[in-house]
Every structure is written in C-alpha cells, then in structure tokens.
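Hi everyone, thanks for coming.

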Amino acid sequence: MITSDRMAAVDVNAEALGVPRKQLMESSGNAVASAVSERAEPGSTVAIVAGRGNNGGDAFVAARFLDEYDVSVHLLGRAETIGTEIARENWDALEAGDYETVEVKDSRALDLPDADVIVDAMLGTGVAGALREPAATAARAIDDADATVIAVDVPSGVDADTGEAPGAAVEADHVVTFHDQKPGLTDLDIDVTVADIGIPEAAELFVERGDLLALERDPRSHKGDHGEVLVIGGGPYSGAPALSAQAAFRAGADLVRVAVPETIAPDVRGFSENFIVEPLTGDALAPGHVDELLELAADQDAVLIGPGLGDDEGTLDAVGEFLASYDGRVVVDADALQVVPEVETDAELVCTPHQGELRKMGGPAADDWEERADAVSAFAGEIGATLLVKGAHDVISDGETTRVNRTGNPGMTVGGTGDVLAGVTSALVTAIEDPVQAAGVGAYANGRAGDLAVDDHGYGLVATDLPPLVADALWNDAE
Ligand SMILES: NC(=O)C1=CN([C@@H]2O[C@H](COP(=O)(O)OP(=O)(O)OC[C@H]3O[C@@H](n4cnc5c(N)ncnc54)[C@H](O)[C@@H]3O)[C@@H](O)[C@H]2O)[C@@H](O)CC1
Ligand SMILES: [K+]
C-alpha cells in the first residue's frame, strides 16, 4: 500500500538511484497495453482519453504498444499545454508516427468512437478536488459508452488515498495501478492489477532527495505555523543546547526557546541572539523544574530534551517525570535516552541514540546495517518509540516502517554533530507529520550537511559548520 505523497517521493528517489522517470512511464504504458490485450482481441477498437499530465503520458506510451489494435488518442486540450516533458515527448512520438491523435479543445467536441475498450488516462494521483471540465463531461461520456473501461493508475476523479470522488468520476471495469496498491482503491469493488514498473526496493528503503518533498510548505502558512520548539538541556555543558537550538532554526523552526540552568544561561544567550533563553534555577536540571518545563512545553509544537544535560541522578529523575507528564512530540537525545525504556508516557517519542547509547537503552548491538535495521525495528516496536540510530548508515524505524540514511562521512564523529541532528529532528517533527519520515529527513539533511562541510574543511569540520549547511541540504540542494 502506498500513498500518493509517498509515491511521488519514491518516484524521485528512484530517479536519484538511476532509474529515469521516462523509464517508469515506459513501464507503466507497457502495463496498460498488456491490460488491454488481455481484454480485447487484436483488431478491436481502442479509444484512449488522455489528460495533460503523466497519467496521460502513460497512455501515449501504451498506444505505441497497441499497434495490432485500431487505436485513437483523444487529448483533453491542446498538445502545447501538456504539463510534463516526458508526457510531451511521448505525445510527439505519437504525432511523429501514424497514430490517430485528436486534440479535444472543447468538452462538447469529445467524439468517442464506438469502441470495444476505452482507456481512462485523464488523471491519476495528480487530481486535486472535484473533476473540472472538460474531464467531468468526458467522464460521463466514457460511462455512457458501451465499452470495457480500463483506468490508468486510478479511475479519473477518484482520490487515490481516500477512494472518494468529490465530483464526477469514471466508473472503470478494471484499474492498472503502478508499483503498489493505493489505499483509495481497496474498497472500490473494481478489479485492480498492481503493475511492477521497475522501481527498485532501495527507492523505498533509502532516504534520498525525494523525501524532501515532504517539506513543501503550504504557501498560505504564516509565522509560528512552522514549529515552535523548546530545547531542554545544558548543565555541565552549555554548547550542546545552543547547537541544537541553532540547528532547529536552520531546519525551519520559527521560534526556539532554550530552557537551561541559570548558571549557563549567559553562555547560551551569547551563542546567538535568536534564542529565547528560559533560565532554570541552579546548575543542573532537577525534579523541581518539571512543572515549569511542562508549562513552557504546553504550547510548543515539539520539545527536545537531552543535549548537554549530564546524567546525575536528579537530572535523570527530572527527565523521567517530564516525559511521564508530557503528551506532545519529544525528541530525546544524549543522556536523557537511558530514561526512556523505564518511563510510561503518552508523548510521541523520537529517540536519536548512537549505537553505544542504544545499547545503554537495552537495545540491540549489530554491526552490519541490514541486521541492525531489523533489530532496531523490533526494539522500536518494543519500546513504542521512533528510533533514529546513528551510524555509517543511520537506521530509522518505529517498528512498522524502516528507513536507512546513507549520507554523512567519518568526519562527523567530531563532538556536537549529534546535538545538531537532535535539533534538526526537533524542527522537522513539527513540519512533517510522520515521525519516521521526519527523522529520516533529519538524518539525511544532517549527513548531507556533513558531506558539504567536508568539501570545505576536510575532516577538520566542526559541529558549528553544520547548521547553515543543513539549511542548504534541505532547501538549496535540488540537483
Ligand atoms: N509518480 C510515479 O512514480 C509515476 C507516476 N506515473 C503516472 O503519473 C501520474 C501522476 O501524474 P501527474 O502528477 O502529472 O498528475 P496527473 O496526470 O494524475 O493529473 C495532473 C493533470 O490533471 C489536471 N487536474 C488536476 N486536478 C484536476 C481536476 N480536479 N479536474 C480536472 N483536471 C485536473 C492537472 O491540471 C494536470 O493537467 C500517476 O497517476 C501515474 O499515472 C507513472 O508514469 C508511473 C510513475
Ligand atoms: K486515470
């Protein structure tokens, strides 16, 4: 089962892994042609009704594989308005060949032949809202025709994720959907073929630049929409919470508050004028601070607890009490991690241990990343948290979905890069709904920033090089 958003990411990841989108369209078109030839004898009349996106593009490819049939392709609109290059190339190939193509400039002009098979290639996962003209009229014309209707990827007008059709929709006899079943197709009582189109399993397992699509921002958003983060840290160390806070900004947080013991508050303030510093009495986090922290955390979109806290008894008790009472999203890092397995909480935890910290949590030790992927998935399920286990390959899992991130380099063993990753992840869990996706993008961006830093500083890179490069990795790295 795959959602449209996930499919769009996997599509780009496949391309990042060397499978061109054009090849995916070829495979899709071939699958559509196979579905036609399984339902109609050669010589039958096939009418293709195509939209101007890649759903249509798939059918332009299918037409080329149906040369034993009497095929006509009806494009809803003018060819020069075809929206993507790969669809346009496939349309041009039809016109260059001797295929019958019709540009339907007006919905009333759709003149469907008396066909044995109609291919519905108007819209697929790109549909937004109720079907507009001319697709709505065309959908009714397709349904009124006395033909076998085969839908490409999704019946036009049906939402691939919900199965709803807010407006008109094609009633297909058969759907050829690509790569994996779509949630919205399962409860339609239509015969569905899931066609393998050559997307490698790696495109789903590895975090690649397609995963950055999840960061697309709603243009209508305004200040404060994109994440208010509270960082709870510091004590023996002052740099760690400041680094995490800086990283959270660079990963898109709008506001970052840093709650640290008053003894290091001036140092943290000195690090950057961007933070709002909330001083806690004394020189270490203690149970007496928990009520104040819960108040501070109440209207935040995410909390990061751990950087620089140290592990004295009182501090760890305070972490346990905070987690036991908080029910929002919490990224847990560094010394706070060891508390997690013992604490009962309603909070949605994202833990970011390195392998030593994972073992301290009672988690598995496994050198080979594929072994580790399975072991981390099992442990994540056991403790009911999302785990981002850092390593040469980072493994991210919530026990259901497991991802692997391959960006990063040995230069990143320098102190502080974990504080940066924790800060980045705390901002991303406010922008991306699924915590596995958010943590995966966090690992990807942090490692990518490290790779960019190595270009500038070799293995002399330091953690403070990373936060600005995280912003580049997230927003300026499109190839
Ligand atoms: N993502 C992938 O990995 C692959 C996608 N492929 C195909 O690409 C399709 C998605 O292509 P696109 O993203 O270009 O989108 P679609 O081709 O599904 O639809 C986009 C077109 O529909 C129009 N449209 C959107 N909402 C509408 C509405 N409510 N009423 C009327 N017109 C509307 C848009 O203006 C645009 O012209 C998939 O369904 C599949 O068929 C395949 O090539 C296989 C690979
Ligand atoms: K369709």
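**The potassium site**

Along the sequence, the residues that donate to the potassium ion (ligand 2) follow the spacing N-x64-D-x2-L-x28-V-x1-V-x1-S. Before going on, please keep in mind that this is a predicted model, where local features need pLDDT of at least 70, side-chain atom pairs count only at pLDDT 80 or more, and totals for chains, interfaces and linings use all residues. Residues are numbered from 1 along each chain as its sequence is written, chains are lettered from A and ligands numbered from 1 in the order in which they are written, and side-chain values use heavy atoms, with hydrogens and water left out.

So which atoms are the protein donors of this ion? They are Asn55 (OD1), Asp120 (O), Leu123 (O), Val152 (O), Val154 (O) and Ser156 (OG), at 2.5 to 3.1 Å from the potassium. Donors here are N, O and S atoms within 2.8 Å of the metal, or 3.2 Å for Na, K and Ca; water is not among the atoms, so sites may look incomplete. The pair asparagine 55, in helix H3 (residues 54-65), and aspartate 120, in strand S4 (residues 117-121), links distant parts of the chain, 65 residues apart. Helices (H or I, at least four residues) and strands (E, at least two) are DSSP runs, numbered from the N terminus. Both asparagine 55 and aspartate 120 are buried, meaning under 20% relative accessible area with a 1.4 Å probe, protein chains only.

**Two pockets**

A pocket is an open set of points on a 1 Å grid over the protein atoms alone, where a 1.4 Å probe fits, with protein on both sides within 12 Å along at least five of seven lines; lining residues have an atom within 4 Å of a point. Asn55 comes back here: with Gly53, Asn54, Gly124 and Gly126, it lies nearest the centre of the largest pocket, which 43 residues line. Helix H1 (4-16), helix H2 (21-37) and H3 each give two or more residues to that lining, and H1 has the largest share, five.

For the second largest pocket, 31 residues form the lining, and His354, Lys390, Met412, Thr417 and Gly418 lie nearest its centre. Its largest share, four residues, comes from H13.

**Helix H13**

Is H13 enclosed or open? Of its 12 residues, 12 are buried, so the helix is largely enclosed by the rest of the structure. Thr417 and Gly418 are among those buried residues. Thanks, everyone!

Methods: Buried < 20%, exposed > 50% of the residue type's maximum accessible area, 1.4 Å probe, protein only.
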